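I opened this model to look up its aromatic rings, its strands and its nonpolar core. The entries below follow the order in which I looked.

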Amino acid sequence: MINIRNLSIKCGHCDTYQTLCAYRRRDDWNVYVYECENDVCDPELSRTLVEVPSELDEFARRDPAWEHGRRHTGGGHG
């Protein structure tokens, strides 16, 4: 199992940790989008995508009311 919350994603440009900002599905994969929260990096150039096979994705499976990341990425409450 893979739990995305147990990973740290660091920007190769500014060397700060990136924040989970979005989620989407691609076929049998869950795609997590990370961005820097600063004025140094352009998100279009420094955005990081982490793809996890859905059958191994413990984070997405642990909370059935997750609603595609809104609850955990600041997009509202599920």
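Entry 1, terms and ground rules. I take rings of Phe, Tyr and Trp (its six-membered ring) as paired if their centres lie within 6.5 Å, with planes under 30 degrees apart counted as stacked, over 60 as edge-to-face and the rest as tilted. This is a predicted model, so I note that local features need pLDDT of at least 70, that side-chain atom pairs count only at pLDDT 80 or more, and that totals for chains, interfaces and linings use all residues. Residues are numbered from 1 along each chain as its sequence is written, and side-chain values use heavy atoms, with hydrogens and water left out.

I looked up pLDDT, the predictor's confidence in each residue from 0 to 100, and found a chain mean of 82, with 78% of residues at 70 or more. Over residues 70-78 pLDDT stays under 50, and the model has 17 contacts there beyond four places in sequence, a contact being heavy atoms within 4.5 Å. Where pLDDT is low, the predicted coordinates should not be read in detail.

Helices (H or I, at least four residues) and strands (E, at least two) are DSSP runs numbered from the N terminus, and two strands pair if DSSP finds at least two bridges between them. I find three strands in an open sheet, ordered 1-2-3 with antiparallel pairing. Strand 1 (19-26) and strand 3 stand at the edges with a single partner strand each, so one side of each is left without a neighbour in the sheet. Strand 1 and strand 2 (residues 29-35) pair over seven bridges, and Val31 in strand 2 is the bridge partner of Arg24.

I count two aromatic pairs. Tyr23 and Tyr32 are tilted, at 5.3 Å centre to centre and 55° between the planes. The ring centres of Tyr32 and Phe59 lie 6.1 Å apart with the planes at 55°, so this pair is tilted; it links Tyr32 in strand 2 to Phe59 in helix 2, 27 residues apart. Tyr23, Tyr32 and Phe59 form one aromatic cluster.

A nonpolar core is a set of buried Ala, Val, Leu, Ile, Met, Phe, Trp, Tyr and Cys residues joined through side-chain atoms within 4.5 Å, where buried means under 20% relative accessible area (1.4 Å probe, protein chains only). The largest one has 10 residues, including Ile4, Tyr23, Tyr32 and Phe59. Strands 1, 2 and 3 and helix 2 each supply at least two residues of this core. Leaving out residues up to four places away in sequence, Ile4 touches Tyr32, Tyr34, Val50, Val52 and Phe59.

Key
Buried < 20%, exposed > 50% of the residue type's maximum accessible area, 1.4 Å probe, protein only.
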